[in-house]
Amino acid sequence: MSILVLADLHEGQLAGATAHVVAAAKEMGGDIDVLVVGEGVQAAAEAAAKLDGVSKVRVADNAVYAHQLAEPMGALLVELAGDYTHVLASASTTGKNVLPRLAALKDVSQLSDIIAVESADTFKRPIYAGNAIATVKSDDALKVITVRTTGFDAVGEGNNAPVEAVDTVVENSQSRFVKEELATSDRPELGGAKVVISGGRGMGNGENFKLLDGIADKLDAAIGASRAAVDAGFVPNDMQVGQTGKIVAPDLYIAVGISGAIQHLAGMKDSKVIVAINKDDEAPIFQVADYGLVGDLFEILPELESKL
Amino acid sequence: MKVLVAVKRVIDYNVKIRVKADHSDVDLTNVKMAMNPFCEIAVEEAVRLKEKGVATEVIAVSVGPKAAQEQLRTALALGADRAIHIETNERVESLAVAKLLAKVVDEEQPSLVILGKQAIDTDNNQTGQMLAALTGLPQGTFASEVAVDGDSVNVTREIDGGLQTIALTLPAIVTTDLRLNEPRYAKLPDIMKAKKKPLDVKTPADYGIEVASKVSLLKVESPPERKGGVKVASVDELVDKLKNEAKVL
């Protein structure tokens, strides 16, 4: 058994998700190598070498891998996969973009978004927007898996695994990076935050999302949104929590002006404590909320901010 | 240019699903089915390309039971020109669907293939990427904007940190994200006309594809229920509960 974990990068640095994927790999057993792919990613490789449980870090640092385009990354993974029984990545947009290419090129299925490891070949994963949990067994020679990071606690740091270069360079004439518009935020990353406060259609407009800022500052919380708020143009789409957005499981999730559609619940119902603030006391969100407060969010939010 | 769109018949997204008592699967008997929402967006995008004069023909394809023809008829009513149904009653995993679609791509030689980013039943998010790999074509996944420009296409993708734009040489595979467009509704006259549009029925065997998978479904369970919470009367009580009862502040 040998496992290759594709590292997650955020602006060239190692992202927190990688430590969660290594944790999932540890439950499967076997040697764990981490692969860092990109351009100018030596620092990320050094950071990955510190993660507990990692045997070796392999780093493919080349201009062809800049922005982690699917075509060159898929080709690289196919080259390397022969050394492994499992290839894992987080269920981030990069993992989801690249891993199915590897699976198809190796003629194996892929298991998406696993939340638990039963054994080296049997896993649990949510289906139907998290309304059912499937236990699936793969008899493929190579297991290609994406991991839901909220299902596994991150491994610690204290390791000093060797870092070796991967010299494979693949040609790519099919896809080209044009531009990126990344949302800048000083707040914690939505996927890894301990506290998340999200606004929905009830916020009324984008300007009103500022009402969440003060509370987020006091709680060191990330700010999220429902699809309704994103579709209405209140906030950018990378803030969306739900089946088609980010999946979060913080210690505290505060849903403000969010009715609680199935698709939104899919993204947050594994939070430890859920608070709902909504003026409609029939809103479905109250069925999953540990604490519900019925009332006008425009009165409640400033009061909450002042009392924290 | 020719555009191929893949559509899937799935449970209607508003339906609250039930797990079968024997835990073998989700119970789909007498449940309302519909076109997967992401596939609706794919069809809409293809039809818009046709309306702009970029696409000359739109072909809809679906893999699944006979009833999936309803979703193909919907695609035809929305503006697709013809449909291909690959009929099978087996559980078909993404890889097998991708292999079947690769055969259709080979036969039809479309310049663009548009799929939804994921089906809301299996939540896999794999088929488009697998199709791209099998056909050797570039992929633009999670698209929120698609702009065809001569022999290339610019795809703006929804990524974790924001938006990324890439340029792909045609032919290419694109998968749709929610914000790509707002799908239209089928009008009654178009629904009537769609009944006369061509719909070819094939089987996986016609394409020489084995749909069996090495992944087996052992069990399906309901997720752990959250126990009902309490409603608090005031902000003070809420803050108190969070501090002293839940201990999350």
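How many salt bridges are there between chain B and chain A? The count is five. A salt bridge here is a side-chain nitrogen of Lys or Arg within 4 Å of a carboxyl oxygen of Asp or Glu.

## About the model

This is a predicted model, where local features need pLDDT of at least 70, side-chain atom pairs count only at pLDDT 80 or more, and totals for chains, interfaces and linings use all residues. Residues are numbered from 1 along each chain as its sequence is written, chains are lettered from A and ligands numbered from 1 in the order in which they are written, and side-chain values use heavy atoms, with hydrogens and water left out.

## Where the chains meet

In chain B, 78 residues are in contact with 83 residues of chain A. Contact means heavy atoms within 4.5 Å. The size of an interface is often given as the accessible area lost when the parts come together. Between chain B and chain A, about 6,800 Å² is buried. Buried area is the accessible area (1.4 Å probe) that two parts lose on being put together, summed over both. Carbon and sulfur atoms give 54% of the area between these chains. Asp160(B), Arg226(B) and Val235(B) supply 11% of what chain B buries against chain A, more than any other three residues.

There are 49 residue pairs in polar contact between the two chains, both residues being at pLDDT 80 or more. A polar contact is a pair of N or O atoms within 3.5 Å; within protein, one must be able to donate a hydrogen and the other to accept it, and residues adjacent in sequence count only if both atoms are side-chain atoms. By class, the side of chain B that touches chain A has 38 nonpolar, 21 polar and 19 charged residues. Ala, Val, Leu, Ile, Met, Phe, Trp, Tyr, Cys and Pro count as nonpolar, Asp, Glu, Lys and Arg as charged, and the others, Gly among them, as polar.

## Charged pairs

Side chains of opposite charge can pair when their charged atoms come close. Over all chains, the structure holds 36 salt bridges. One joins Asp107(A) to Lys99(B), with the closest N and O atoms 2.7 Å apart. This pair crosses between chains: Asp107(A) is in the loop between helix H4 (93-105) and S7 of chain A, and Lys99(B) is in helix H3 of chain B. Helices (H or I, at least four residues) and strands (E, at least two) are DSSP runs, numbered from the N terminus. Lys124(A) forms a salt bridge with Glu221(B), and here the closest N and O atoms are 3.0 Å apart.

## A sheet within chain A

Seven strands of chain A form an open sheet with parallel pairing, in the order S7-S11-S6-S1-S4-S5-S12. Two strands pair if DSSP finds at least two bridges between them. Strands S7 (110-114) and S12 (163-165) of chain A stand at the edges with a single partner strand each, so one side of each is left without a neighbour in the sheet. On average, neighbouring strands are turned by 25° against each other, direction ignored. Axes are lines fitted to C-alpha atoms, for helices over the stretch in contact, and angles run from 0 to 180 degrees between N-to-C directions.

Strand S1 (residues 2-6) and strand S4 (residues 31-38) of chain A run parallel and are joined by five bridges. Val5(A) has Val34(A) in S4(A) as its bridge partner. Helix H3 (residues 70-81) of chain A packs on this sheet, touching S1, S4, strand S5 (56-61) and S6 of chain A. The direction of this helix makes about 155° with that of S4(A).

## A sheet across both chains

Which strands form the open sheet that includes S13(B)? The six strands are, in order, S15(A)-S14(A)-S16(A)-S17(A)-S18(A)-S13(B), and the pairing is parallel. Strand S15 (222-225) of chain A and S13 of chain B are the edge strands, and each pairs on one side only. From one strand to the next, the twist averages 20°.

Three bridges join strand S18 (residues 291-294) of chain A to S13(B). Within that pairing, Leu293(A) stands opposite Val232(B).

## Local details

The peptide bond from Leu170(B) to Pro171(B) is cis, with omega near -5°. Pro171(B) lies in the loop between S9 and strand S10 (172-176) of chain B. Asp113(A), in strand S7 of chain A, has a phi near 60°, a positive value in a residue other than glycine.
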